[in-house]
Amino acid sequence: SYGSLARFTDVKRLRTFNRRTVVGFGGDVSDMQYLDRLLLSLDIEENYGSSGHDLNARNLHTYLAKVMYKRRSDINPLWNQLLVAGLDGLDQPFLSSVDLLGTTFSSPTLATGFGAHLAQPLLRKVVDDEAQVGSVTREQATNAVRECMKVLFYRDARSLDKYSIAVITKDGVELKEDEQLENQSWAFAEMIKGYGTQTV
């Protein structure tokens, strides 16, 4: 349909920032590219600065929230929802969101776009509250994300079976792009009745 932009199959929506932060983008691609350039210039400024301090995930989230709020106040919003994940100044896990209005919130699991509706319940089965965050293994977390991506692929007619996944540890960010969905099965489709020319 007009305006779906389904023709762009290689848009990467995860960006690393310094060694221990990842920014995930949902929404408009051109606004994402603007924010990416903004983050690149901030990263260069931080790397050449002489303060000896790095921006951690919490600092970066605050910066992006102020950028989004200023653009909203200028009645020229950036049509994105951002997820900032990484480690804060105390090396504790950090995950928070900011939307086009500059509204921020944190949760043990977050998603943007269609994932906020379909993936969140699946993620909450693994991590329901802050107390459970420390007990989840890397394998459990990545398997949950992979299962969410499979469900999202099944439910969105314009999605692709490729995605990016990032794992953040104290040692740094491990970003894998062009991951492929595995073990796909459309066997459930023949049991769906009531759509198209099928009869009950």
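Among the contacts in this chain between residues at least 6 apart in sequence, 53% join residues at least 24 apart. The structure is a predicted model, and its secondary structure comes to four helices and seven strands. Read from the N terminus on, these elements follow the order β-β-α-α-β-β-β-α-α-β-β.

**The chain as a whole**

- The C-alpha trace of the chain spans about 70 × 40 × 25 Å along its principal axes.
- The chain has 200 residues, and buried residues make up 31% of them.
- The accessible surface of the chain comes to about 13000 Å², and carbon and sulfur atoms account for 52% of that surface.

**Helix H2 and its buried side**

- Helix H2 covers residues 57-73, and its 17 residues should span 24 Å at 1.5 Å a residue, which agrees with the 24 Å that separates its end C-alpha atoms.
- The buried residues of H2 are Ala57, Leu60, His61, Leu64, Ala65, Val67, Met68 and Arg71.
- An α-helix has 3.6 residues a turn, so residues three or four places apart point the same way.
- The partners against which the buried residues of H2 pack are strand S1 (14-17), strand S2 (21-27), helix H1 (29-48), strand S3 (80-87), strand S4 (93-98) and strand S5.
- Ile75, which comes just after H2, takes a positive phi of about 55°.

**The hairpin of strands S6 and S7**

- Strand S6 (residues 162-169) pairs with strand S7 (residues 172-180) in the antiparallel sense, and the pairing runs over seven bridges.
- The two strands form a hairpin with two residues between them, and Thr169 has Gly172 in S7 as its bridge partner.
- Lys170 has its place in the loop between S6 and S7, and this residue counts as exposed because its relative accessibility is 56%, where the cut-off for exposed is over 50%.
- Leaving aside neighbours within four places in sequence, Lys170 is in contact with Arg20, Leu87 and Asp91.
- Lys170 and Pro93 are 77 residues apart along the chain, and their C-alpha atoms are separated by 9.6 Å.

**Ser107, a buried loop residue**

- Ser107 is found in the loop between strand S5 (104-106) and helix H3 (115-126).
- With a relative accessibility of 19%, Ser107 counts as buried, since buried means under 20%.
- The side chain of Ser107 reaches the backbone oxygen of Thr109 at 3.1 Å.
- Not counting residues up to four places away in sequence, Ser107 touches Leu95 and Glu130.

**Met149 in helix H4**

- Met149 is found in helix H4, which covers residues 138-155.
- This residue counts as partly exposed because its relative accessibility is 27%, a value in between the cut-offs of 20% for buried and 50% for exposed.
- Once its neighbours within four places in sequence are left aside, Met149 is in contact with Tyr163 and Leu181.
- Met149 and Tyr48 are 101 residues apart in sequence, and from C-alpha to C-alpha they are 38 Å apart in space.

Methods. Residues numbered from 1 in each chain as written. Predicted model: local features only at pLDDT ≥ 70, side-chain atom pairs only at ≥ 80, totals over all residues. Heavy atoms only, no water. Buried < 20%, exposed > 50% of the residue type's maximum accessible area, 1.4 Å probe, protein only. Polar contact = N/O pair within 3.5 Å; in protein donor to acceptor, adjacent residues only side chain to side chain. Contact = heavy atoms within 4.5 Å. Pairing = 2+ DSSP bridges. Expected span 1.5 Å × (residues − 1). Areas by Shrake-Rupley, 256 points an atom, 1.4 Å probe, with all protein chains shown as cover.
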